[in-house]
Amino acid sequence: MQVDIGQFFAEHDIVPVLIDRAPDSFAKVVYRAKKLVDAGKELTPAEVREEPKVEWYADPTALYTLIMIDPDSPSRMEPWNREFAHWLVGNIPGRHVQNGETLFEYIPVFPRSGVGFHRYIFLVFQQQSWNDYSQAPRASNKNRTPRIRFSTRDFARHYSLGSPVAGNFFVAQYDDFVPVILSRYPASDDY
């Protein structure tokens, strides 16, 4: 059964809450051990602990920006940290993410206990040209601060990214691996 991405993103409150228009197509997102992000299906924090491979129909001569966000931080009912940016890479040549300019290194998901599912959304934007990201915030995979209250819509507008050309998402909830992830960071209540 074919899923209509526009309807799917609208049904899951991604459009128009986070972005104005749904992507044109689904991005293929594969985690280690062949765990595929499959249109809103559940994955566990342990399954997505390492950076995935992301593919989409790309013009090999174009540049792209990839954003992965959690709009449900700290919970879907009370998202006062909306959005939390888990990964941000710009100036990607074609679909070669590893050759892009990493602004926010990949950070695993860590939903809080007792708040239910979080959505983790991947969006790919085709750039009009090379973007100067020298003034954009940077974050290593040990730093959460600049990732909090990120706005995909504002970032896309600031860098003239337009609407996403590809996207996908999965859901995850707290499990016993989340404390292992959080042990890598200073104590904080900001997620």
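So, Phe155: leaving aside its neighbours within four places in sequence, this residue is in contact, meaning heavy atoms within 4.5 Å, with Thr65, Ile67, Leu88, Leu103, Tyr133, Phe150 and Leu161. Before I go on, this is a predicted model, where local features need pLDDT of at least 70 and side-chain atom pairs count only at pLDDT 80 or more, while totals for chains, interfaces and linings use all residues. Residues are numbered from 1 along each chain as its sequence is written, and side-chain values use heavy atoms, with hydrogens and water left out.

Back to Phe155. Together with Phe9, Ile121 and Phe150, Phe155 has the most contacts inside the largest nonpolar core, which has 28 residues. By nonpolar core I mean a set of buried Ala, Val, Leu, Ile, Met, Phe, Trp, Tyr and Cys residues joined through side-chain atoms within 4.5 Å. Buried is under 20% relative accessible area, exposed is over 50%, and partly exposed is in between, with a 1.4 Å probe and protein chains only. Among the elements that each supply at least two residues of this core are α1 (5-11), β8 and α2. Helices here are DSSP runs of H or I with at least four residues, strands are runs of E with at least two, and both are numbered from the N terminus. There's also a second, separate core of 25 residues, including Leu66, Met68, Ile92 and Tyr106. In soluble globular proteins, nonpolar side chains tend to be buried together.

Now the charges. How many salt bridges does a search of the whole structure find? The search finds 9, counting a side-chain nitrogen of Lys or Arg within 4 Å of a carboxyl oxygen of Asp or Glu. Take Glu101 and Arg138, whose side chains meet at 2.7 Å, N to O. That pair links distant parts of the chain, 37 residues apart: Glu101 is in strand β7, and Arg138 is in the loop between β8 and α2. Glu101 counts as partly exposed because its relative accessibility is 22%, and Arg138 does too, at 38%.

Arg157 is exposed, at 55%.

Last, the open sheet: 3 strands in the order β3-β2-β4, with antiparallel pairing, where a pair needs at least two DSSP bridges. The edge strands, β3 and β4, each pair on one side only. Tyr31 stands opposite Lys35 in β3.
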